[in-house]
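Reader: I am new to this structure and would like a close look at a single part of it, the strands and how they pair. Please set that part against the chain as a whole.

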Amino acid sequence: MPSTLYRKLVDAHTVARIDGQHVLLYADLHIMNEYTSPQAFTGLREQGRRVLRPAQQLAVVSHIIPTHPVNAAQRVIQDPASSLQARNLKRNCDEFGIKLFDTTDTNQGIEHIVAPEHGLIRPGMVVMCGDSHTTTYGALGALGFGVGTSEVEHILATQTLVYRLAGDMRIRIDGALPLGTSVKDLILLIIGRIGAQGARGYAVEFCGTTIATLSAEARMTMCNMAVEAGARAALIQPDQTTIDYVVAHAPELRGAALEQAKAGWRDLYSDDGARFDVEHVFDADHVEPYVTWGTSPDQAMPIGGLVPDPATADPHAHDTIVRALDYMGLQAVTPIERTPVDRVFIGSCTNGRIEDLRLAAAIVRGRSVAPAVRAMVVPGSGSVRRQAEQEGLAQIFIDAGFEWRQPGCSMCLAMNDDVLAPGERCASTTNRNFEGRQGRAGRTHLMSPAMAAAAAVTGYIADVRKLGVHHG
Ligand SMILES: CC(C)[C@H](C(=O)O)[C@@H](O)C(=O)O
Ligand code: SF4
């Protein structure tokens, strides 16, 4: 029977069928952060269990680490609770023999940026992690998904998980993204259309001519954000772009080993006639720069639009819109463009990779951060940071008045020193704009790296196309 890529990956990793809805699924790789793993190790110890496959585990300090611009070796976590979390992760990894990118490691960063850049994510893998944005790895043809803290313990002990099957959804996007737009605009548009629950319960396969021409990193941005439409997983069929990325990042994968791996990757596609429960089709040709106006990633609009009017909205949405506008300090039926911002944040596992920094730097070059704005660039990993310094991007940001920080989740979520003050408005390249996400009463507008750069240099939510156009 014709099978979807998703089903092929699940079938290849099914150790046992439990019932019609559940299988025992094998993990090729399990990734941990400091935040969702401590209880799992406590559980293991209490039961006197070992970690079954330490070599298929990876740990990264991502969320709680300060990003002040000091040397990597001097990075110290002042907050006692966070410092304890980091020390616990180190102790757990030492005791159980797990590879850790620790606080002072020069390759430390956000887990979803660190893992692919070390060649650890390969097509056909199943990757589990106690973090919702594990869907990112679908960009490389790997089935990645987030798990809960209690599941982390099970994975550590057995390298498997009791897994509930998802439905199959396909999102086809054809056409060429216009100048001045990037994949972030596209995914905000899609989430805006299908809704924050639009892909709930589904593994989403992205396909179409637009996807085929995207770089591996741009595909990561897509798959990363799929979870904001509720998707359980995101997938893109591996192709030459994928292979080139993996080969470039996995120097040990050469010769016979590479040929053998490639032979395995050849079957990683949805068969002709494979059945999808739901299909959506989008056209990239008319995508405009997108920004969010509200407190959910699906509350997104083109830059030239007007903030919605609760009075004319679907009655079910009325109260939600009123509340979001109130929280965001916005007036209904006014342009979003030229809304002043206090802060700009460029970074996160959505847009903290080198290509994102290139897109932002292309806008910033030769310009200055607006006087009333505090802007920061937080590279997604130590390696992204070094690369950006070598390419001269860091200097462009610094010359313009940006803070050039150490890697981490940073202001993507208020779990470290980088937070918004109450009422502050932020142009942010992140993936979530929930109430309080970047700090209590902070106001987040999600957008692309180029749009965030445009906000930094103008001081307001701006249409980047009016500053000069660049391809993304
Ligand atoms: C802290 C972590 C569990 C959380 C997640 O699961 O995604 C975080 O990374 C986020 O982005 O909200
Ligand atoms: S960068 Fe943001 S979305 Fe990504 S793992 Fe960190 S907190 Fe979560």
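Author: In this predicted model, the protein chain has a radius of gyration of 21 Å, which agrees with the value near 23 Å that a compact globule of 472 residues would have. Along the principal axes, the C-alpha atoms fill a box of roughly 55 × 55 × 45 Å. Of the 472 residues, 53% are buried. Contacts also reach along the sequence: among those between residues at least 6 apart, 77% join residues at least 24 apart. The secondary structure comes to 16 helices and 19 strands.

Now to the strands. An open sheet of three strands has the order β1-β2-β8, and its pairing is antiparallel. Its edge strands are β1 (14-17) and β8 (160-164), each of which pairs on one side only. From one strand to the next, the twist averages 30 degrees. Strand β2 (residues 22-26) is joined to β8 by five bridges, and the two run antiparallel. Within this pair, leucine 25 stands opposite leucine 161 of β8.

Another open sheet has four strands in the order β11-β10-β9-β12, and here the pairing is parallel. The edges are β11 (233-236) and β12 (278-283), and each pairs on one side only. Direction ignored, neighbouring strands of this sheet are turned by 20 degrees against each other on average. Inside the sheet, strand β9 (residues 167-174) pairs with strand β10 (residues 202-207) in the parallel sense, over six bridges. Aspartate 168 has alanine 203 in β10 as its bridge partner. A helix also packs on this sheet: α8 (residues 216-226) touches β10 and β11, and its direction makes about 155 degrees with that of β11.

Strand β15 (residues 343-346) can be followed residue by residue. Arg343 and Phe345 point one way from the strand, Val344 and Ile346 point the other way, and all are buried. β15 pairs with strand β16 (residues 374-377) in the parallel sense over four bridges. In that pairing, isoleucine 346 stands opposite valine 377 of β16. β15 is also joined by three bridges to strand β18 (residues 425-428), and these two run parallel. There, phenylalanine 345 has serine 428 of β18 as its bridge partner.

Because 17 other C-beta atoms lie within 10 Å, tyrosine 460 counts as partly exposed. Leaving aside neighbours within four places in sequence, tyrosine 460 is in contact with Arg338, Thr339, Pro340, Val341 and Ala455. Asparagine 431 is 29 residues from tyrosine 460 along the chain, and their C-alpha atoms are separated by 20 Å.

The model also holds a ligand. Around ligand 1 are Tyr35, Thr36, His63, Asp131, Ser132, His133, Gly146 and Leu413. By class, this shell has two nonpolar, five polar and one charged residues.

Methods
Residues numbered from 1 in each chain as written. Chains lettered and ligands numbered in written order. Predicted model: local features only at pLDDT ≥ 70, side-chain atom pairs only at ≥ 80, totals over all residues. Buried ≥ 20, exposed ≤ 12 C-beta atoms within 10 Å, placed from the backbone. Pairing = 2+ DSSP bridges. Axes fitted to C-alpha atoms, helices over the stretch in contact; angles between N-to-C directions. Contact = placed C-beta atoms within 7 Å. Rg over C-alpha atoms; globule rule 2.2 N^0.38 Å. Near = placed C-beta within 6 Å. Nonpolar A, V, L, I, M, F, W, Y, C, P; charged D, E, K, R; others polar.
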